[in-house]
Amino acid sequence: MATVELRFSALPEHVRTARLVAAAVARRAGVDEAVLDEVRLAVGEACTRAVGLHQSGGISAPVQVLLIEEEKQFSIEVGDEAPRSIPGDRASGAPGEEPDAETEEDEMGLAVISGLVDDVEVTAGEHGGQIRMTWPTTPPAATLP
């Protein structure tokens, strides 16, 4: 299992770099060429979300991206250190309380990611959150001598 770790300051201008690195590593791992645009878009959305959470929470820690090549699959984990409840959990708000714009934007970003990636896991808690996205890979074609 090979892993590439990328950490970047929570600034929007670094999201593009994360997208490019993710696409390059996904290609090398054997993710289908037809899916690489989805990988780029999903990583961009997840990183933009993490940057926004860090900036709105005044968190100076870097955003972490893990690119994990496993047998028959490729996973990307985007982690942040913004403490919060699990997305979609409205139990923490008062009854009848409308969600704020930040919560709606967060849920919209998660909906976009879920539309792009079939296998998505979202975890969140008091120490931050993580989005794990997984794509199948195909083994490289054997070359003839």
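In this predicted model, K72 is exposed, with a relative accessible area of 63%. The residue sits in the loop between β2 (63-70) and β3 (73-80). Its backbone also deserves a look: phi of K72 is near 70 degrees, a positive value in a residue other than glycine.

Two packed helices are described by the angle between their axes and the distance between the axes. For helix α1 (residues 15-29) and α2, the axes come within 9 Å and cross at roughly 145 degrees, and the crossing is right-handed. On the α1 side, the contact is made by V15, A18, R19, A22, A23, A26 and R27. Their partners on α2 are L36, V39, R40, V43, G44, C47, T48 and V51. Sorted by class, the residues of this contact comprise 10 nonpolar, 2 polar and 3 charged.

Helix α2 also takes part in the second largest pocket, where its 6 residues form the largest share of the lining. The elements that contribute two or more residues to this lining are α2 (36-57) and α3 (101-116). The pocket holds about 200 Å³ of space and is lined by 10 residues, with T48, R49, G52, E105 and D106 lying nearest its centre. By class, the lining contains 1 nonpolar, 4 polar and 5 charged residues.

Note on methods. Residues are numbered from 1 along each chain as its sequence is written. This is a predicted model: local features need pLDDT of at least 70, side-chain atom pairs count only at pLDDT 80 or more; totals for chains, interfaces and linings use all residues. Side-chain values use heavy atoms; hydrogens and water are left out. On a 1 Å grid over the protein atoms alone, a cavity is a set of points where a 1.4 Å probe fits but cannot get out, and a pocket is an open set with protein on both sides within 12 Å along at least five of seven lines; lining residues have an atom within 4 Å of a point. Grid points are joined across faces, edges and corners, and a volume is the space filled by probe spheres set on the points. Helices (H or I, at least four residues) and strands (E, at least two) are DSSP runs, numbered from the N terminus. Ala, Val, Leu, Ile, Met, Phe, Trp, Tyr, Cys and Pro count as nonpolar, Asp, Glu, Lys and Arg as charged, and the others, Gly among them, as polar. Axes are lines fitted to C-alpha atoms, for helices over the stretch in contact, and angles run from 0 to 180 degrees between N-to-C directions. A crossing is left-handed if the near helix is turned anticlockwise from the far one by less than a right angle, and right-handed if clockwise. Contact means heavy atoms within 4.5 Å. Buried means under 20% relative accessible area, exposed over 50%, partly exposed in between (1.4 Å probe, protein chains only).
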